[in-house]
Amino acid sequence: MNDIPKNAKYCYFASGCFWGTEYWFQQAEGVFEAISGYAGGHKANPTYMEVCTGLTGHLETVKVGYDADKTTYEDLVKLFFETHNFTQKNGQGPDIGSQYLSAIFYQNEEEKSVAEKYINILKEKGYDVATTLREYKNFYEAEDYHQDYYFKKGSIPYCHFYNKIF
């Protein structure tokens with residue numbers, strides 16, 4: 001774990017398989033940690049196998065810890081949209097199911113407003129945005145073998161690619 005900066009903040013993004021989401025956020029300026037896990041569901045402390053059933057209501061989500069002196073929530077929202085297919089309605093790439101949906105879990109009205117701003121910009125550009133905004137309620141860290149997946153494997157994501165939009 002990296003040192004936690006004085007001006008640390010956290011945000012939560014679901015964009016399909018958490019391995020690819022984690023990969024892109026780990027490389028972002030000002031991010032000191034990205035943790036794969038599960039958010040939005042109704043079962044406490046779900047396992048990966050339980051989430052995979054689609055019955056817990058959780059989405060594969062990444063908790064992003066960032067230094068607010070080095071980056072902004074707005075920059076992270078832009079990166080979120082630029083690193084997955086936010087128009088896919090039933091999952092992400094080949095990963096199909098409710099646990100792979102695109103969502104931003106906002107913690108306050110400011111985060112919600114920023115997310116809405118970028119969804120509206122994308123709609124103005126002609127995109128049919130499938131990303132939903134959900135009030136943050138919970139986050140459960142995924143099992144250890146899911147953490148830092150692509151760094152451990154020494155490869156890059158198969159369904160998360162960077163595409164400059166903003």
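How many residues does helix 4 have, and how far does the helix reach from its first C-alpha to its last? In this predicted model, residues are numbered from 1 along each chain as its sequence is written, and local features need pLDDT of at least 70, side-chain atom pairs count only at pLDDT 80 or more, and totals for chains, interfaces and linings use all residues. Side-chain values use heavy atoms, with hydrogens and water left out.

Helix 4 has 16 residues and reaches 22 Å, close to the 22 Å expected at 1.5 Å a residue (1.5 Å times one less than the number of residues). Helices (H or I, at least four residues) and strands (E, at least two) are DSSP runs, numbered from the N terminus. E111, V114, A115, Y118, I119 and L122 of helix 4 are buried (under 20% relative accessible area; exposed, over 50%; partly exposed, in between; 1.4 Å probe, protein chains only). These buried residues fall within an arc of 135 degrees seen down the axis, so they line one face of the helix; the arc is that of the directions from the helix axis to the C-beta atoms. The face turned away from the buried side carries the exposed residues E109, E110 and E124.

Strand 6 (residues 102–106) is largely enclosed by the rest of the structure, because five of its five residues are buried. S102, I104 and Y106 cover one side, and A103 and F105 lie on the other. Strand 6 pairs with strand 1 (residues 8–15) in the antiparallel sense over four bridges and with strand 7 (residues 132–135) in the parallel sense over four bridges; pairing requires at least two DSSP bridges between two strands.
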